[in-house]
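The entries follow in the order I made them.

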Amino acid sequence: MRFDVLTLFPNMFSSPFQESIVGKAIDKGLIEIRMINIRDFALDKHQIVDDAPYGGGQGMVMKVEPIVRAIEFVKSEDASTRTVYLTPQGKPFDQNKARELSSHSHLALLCGRYEGVDERVREFFVDEEISIGDYVLTGGELAAMVMIDAVSRLLPGVLGSERSAAEDSFCESLLEHPQYIRPSNFRGKSVPEILLSGNHEAISSWRRRETLKRTFMRRPDLIAKAALTKEDRKLLQEIPKEKESQEAGDGL
Ligand code: ADE
């Protein structure tokens, strides 16, 4: 899969993608990340990319011409490229959106700076707008990095085992159960007995219970969206009681 990042700050991307899983995926040729400097598409002598808004107001806005020329350059190589504008005004990015984007072979990620881009870019030249959360970053670059990371790990061959992506948090809208490794006792804090039992059925049911419990405690909104079995619902019914006694024990 190819990502073209349309940005005024291509250097921001040099180090994050040299490391670890994404770095290896690039080395293996599974993904390609190309920086497109929007400034290179400005035609004037000073390569100006921003201007003050019509009607007045604070700050500068990114000009339409260099951005559209950059998008057209990317599309001239591959007309099927999906163009995404990163903005806090976009649709919230989540695991389903990551999965959907991973089905495209070529994404162009437009990173805004300053007070954003001329409205005509958004209206006529991008396919969708995405936000990574309800907070305002200094630009879309970090949002593009988050998106590239989340999408890349879903591509075949990027993670060591295909299973890890299928089983991790959010693949079914639930949070992952706790994980423990050696030592079995660290400063008096021991691993739950059941995990040392070798009883795979019991371990699997414990993990499911912990998944449900953790999701219920931390993200009750996700429980409402999850596809739960009859057995899950039974386990869930026991959790509010546990929560009460835990809170009583915490002195709340
Ligand atoms: N640019 C600035 N803030 C952003 C956000 N929260 N998501 C995506 N792009 C952004």
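**Entry 1: helix α7.** What should the 19 residues of helix α7 span at 1.5 Å a residue, and how far apart are its end C-alpha atoms? I took the expected span as 1.5 Å times one less than the number of residues. For α7 (residues 200-218) that gives 27 Å, and the end C-alpha atoms are 27 Å apart, so the two agree. Helices here are DSSP runs of H or I with at least four residues, strands are runs of E with at least two, and both are numbered from the N terminus.

I noted the provenance before going further: this is a predicted model, in which local features need pLDDT of at least 70 and side-chain atom pairs count only at pLDDT 80 or more, while totals for chains, interfaces and linings use all residues. Residues are numbered from 1 along each chain as its sequence is written, and side-chain values use heavy atoms, with hydrogens and water left out.

**Entry 2: helix α5.** Nine of the 12 residues are buried, so α5 is largely enclosed by the rest of the structure. The buried set is Glu141, Ala143, Ala144, Met145, Met147, Ile148, Ala150, Val151 and Ser152.

**Entry 3: the ligand.** Which residues come nearest to the ligand? I counted a residue as near if one of its heavy atoms lies within 4 Å. Of the 13 residues around the ligand, Thr87, Ile132, Gly133, Tyr135 and Leu137 come nearest.

Next I looked for polar contacts (pairs of N or O atoms within 3.5 Å; within protein, one must be able to donate a hydrogen and the other to accept it, and residues adjacent in sequence count only if both atoms are side-chain atoms). A backbone N or O atom of Ile132 sits 3.0 Å from a nitrogen atom of the ligand. For Gly133, the distance from a polar backbone atom to a ligand nitrogen is 3.1 Å. For Leu137, the corresponding distance is 3.0 Å.

The protein covers 96% of the 260 Å² of accessible area that the ligand has on its own; I used the Shrake-Rupley method with a 1.4 Å probe, where for residues only the protein chains shown count as cover. The elements giving two or more residues to the shell are β5 (82-92) and β7 (128-131). β5 gives the most, with three residues.

By class, I found eight nonpolar, five polar and no charged residues in the shell. Nonpolar covers Ala, Val, Leu, Ile, Met, Phe, Trp, Tyr, Cys and Pro; charged covers Asp, Glu, Lys and Arg; the others, Gly among them, are polar.

**Entry 4: aromatic pairs.** I found two in the structure, pairing rings of Phe, Tyr and Trp (its six-membered ring) with centres within 6.5 Å; planes under 30 degrees apart are stacked, over 60 edge-to-face and the rest tilted. Phe41 and Phe73 form a tilted pair, 5.6 Å centre to centre with 45° between the planes. Phe41 is in the loop between β2 (32-37) and β3 (50-51) and Phe73 is in helix α2 (residues 64-77), so the pair ties together parts 32 residues apart in sequence. Phe41 counts as buried at 14% relative accessibility, and Phe73 as partly exposed at 32%.

**Entry 5: Ser103.** Is Ser103 buried or exposed? Ser103 is exposed, with a relative accessible area of 60%, and lies in the loop between α3 (95-101) and β6 (106-111). Its side chain reaches the backbone oxygen of Glu100 at 2.6 Å.

Entry 6: Most residues other than glycine have a negative phi, and most peptide bonds are trans. I therefore listed departures from this. Gln47, not a glycine, has a positive phi of about 50°; Gln47 is in the loop between β2 and β3. Arg187 also has a positive phi of about 50° and is exposed at 74% relative accessible area. A cis peptide bond joins Arg182 and Pro183, with omega about 5°.

Technical notes:
Buried means under 20% relative accessible area, exposed over 50%, partly exposed in between (1.4 Å probe, protein chains only).
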